[in-house]
Amino acid sequence: MPVPWFLLSLALGRSPVVVSLERLMEPQDTAHCSLGLSCHLWDGDVLCLPGSIESAPGPVLVPTRLQTELVLRCPQETDCALCVRVVVHLAVHGHWEEPEEAGKSDSELQGPRNASLQAQVVLSFQAYPIARCALLEVQVPADLVQPGQSVGSAVFDCFEAGLGAEVRIWSYTKPRYQKELNVTQQLPALPWLNVSTDGDNILLILDVSKEQTFGFLLYWDQAQGPLKSLLYKNLTGPQNITLNHTDLVPCLCIQLWAQEPDSVRTSFCPFKKDPRAHRNLWHMARLRVQSSGSWLLDTPCSLLTEVALCWQAPDQSPCQPLVPPMPQKNVTMNRPFEFPSVREHPNLCVQVSSWEKVQLQECLWADSLGPFKDDMLLVEMKTDLNDTSVCALEPSGCTPLPSIASTRAARLGEQLLQDFRTHQCMQLWNDEDLGSLWACPMDKYIHKRWVLVWLACLLLAAALFFFLLLKKDRRKAAPRARPALLLHSADGAYYERLVGALASALSQMPLRVAVDLWSRRELTSHGALAWFHQQRRRTLQEDGVVILLFSPAAVAQCQQWLQLQTVEPGPHDALAAWLSCVLPDFLQGQATGRYVGVYFDGLLHPDTVPAPFRVAPLFSLPSQLPAFLDALQGGSSRSPGRPADRAERVAQALLSALDSCT
């Protein structure tokens, strides 16, 4: 295959070895032998038929070693092709047979031994897509015929091959007296084309001088039909082309050529053995069912695969290969294939395997016939005595019927056999020699067991109901925590810490304390006014208590509102919001028994609390803590422990927070 000198110079010119690369100006194949031997090359190629090994009738000439050498075949100065020269080393094999007839003269015995040897040596060459066979006739003079000794070599010029190709060469004689010799060689690719990885990307680095202009084509090399072009560019000088790793497939190839008239294109497929490319290919593959009753495997590249039918159970267990096995096929991609003569069933699927691993699975009639059915597949097999045996296909294998095993089919073995004999099962496939496949419905056996299932469910529901009743009674017997809503003013960070300490201490009473400090998200989303109204209504409905915590700021604003006789809270004014909720209860005389007022020792004098709020009990903390706790409990002890112990725990928490505040 001629390659422009532009490409060969780039591929080989940077290597020091190229200086000694021999050029052949002869356009035709030639052959020559080492000193003492004579060679003749047959015109044209011959058939590559090694044949079987035969016994040597005496000394014969056989190849013993193969050598290869790269040369350049250049019919013109700038039009060269990379070529493989083959050197075959020859030796004499075997010995003269002893004469069986007596009475022969010495001259008659020495006659054959003084004759020359002649052999037909075949050279077989393969470099996809090229395959050739050349035939050399080699003759050895009698004086060089020594059994077991090397006699020289024959040289063949030459087999042309493309850059980057993998070549395989075999050598044998006709007839063949020994196993053929073989050698494999990887020819150099373009060193200026480098494939590297950059994270999830693939870089094609084209290291070409700025003066070089060439064409670049990225394509899929598909076995059927023309190649599919993906990217075409005319480039000059060094280039970096980025590909995503998901674009890699084994048939992704690169084609390069010089921007010259009638230039030869050179192709490279660097991803044929890349594991990522093979994974991507199966991710892109689709098994398609056509309306004409055929199916095809749709992929970018052609691959050799095995396709077989299998049976998919509704429990999503692995699809079971059909027994007896349906004929497996080696499938060519993107070519339609006919279904075997099977009856349609939603549980019948097609599996596509490669290297003994299932890569794809498609259930043929799942869309048209609905979901999987809970059918048992029975396999009827012919026996040697013109009889049949029946087994049920299960995940553990094909269970003979009847059977003493503990599988589902074995437990229903007699019923399944009865359905099979009375033709209540549907025949899916039949072969006169192998047997047949039957799908037997299992719905009626499942319905019989539903009664027991329903009884078990009813018993479970009754036990659960009884348990809930007991739990409800226990809750009624146990004392419930009284709800308490703590309302305060925002007097700074230290005061908020004091409010938080009071709320935490009261939560241990037990009291279900609600305070805006613990519900800032709800306060923001619903608004302060709505949140306080809701908490007040819930607390009073559950026989709770509302705690008004007075501070100097709270007293000052209460006095201002009482003088103005109006309450118009702003959207972010928490004090105004809760005053608007509770003030009507005090003005209408509904605060008794529902509200409690408190203030902290040293922060406020009790006489400064506005008169309307004094109808509720007012306590100073922590000096009047026991009386305050008793008022919160409604005059009765609802929490475990002695009142003095409870008061001491709350007082300690308040004193620590009050010290830091003052």
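A salt bridge is a side-chain nitrogen of Lys or Arg within 4 Å of a carboxyl oxygen of Asp or Glu. In this predicted model, a search of the whole structure finds 14 salt bridges. Side chains of opposite charge can pair when their charged atoms come close. Three of these pairs are described here.

| Pair | Closest N to O distance |
|---|---|
| Glu-22 and Arg-85 | 3.0 Å |

**Glu-22 and Arg-85**

A salt bridge joins Glu-22 to Arg-85. Glu-22 sits in the loop between α1 (5-12) and β2 (23-24), while Arg-85 belongs to strand β6 (residues 79-93), so the bridge ties together parts 63 residues apart in sequence. Glu-22 is partly exposed, at 34% relative accessible area, whereas Arg-85 is buried, at 9%.

**The pairs of Arg-73**

Asp-29 is partly exposed, with a relative accessibility of 22%; Arg-73 is buried, with 6%.

Glu-160 lies in strand β9 (residues 150-160) and Arg-73 in strand β5, so here the parts tied together are 87 residues apart in sequence. Glu-160 counts as partly exposed, at 21% relative accessibility. Through shared partners, salt bridges join Asp-29, Asp-45, Arg-73, Arg-132 and Glu-160 into one network.

Key
Residues numbered from 1 in each chain as written. Predicted model: local features only at pLDDT ≥ 70, side-chain atom pairs only at ≥ 80, totals over all residues. Heavy atoms only, no water. Helix = DSSP H or I, 4+ residues; strand = E, 2+ residues; numbered from the N terminus. Buried < 20%, exposed > 50% of the residue type's maximum accessible area, 1.4 Å probe, protein only.
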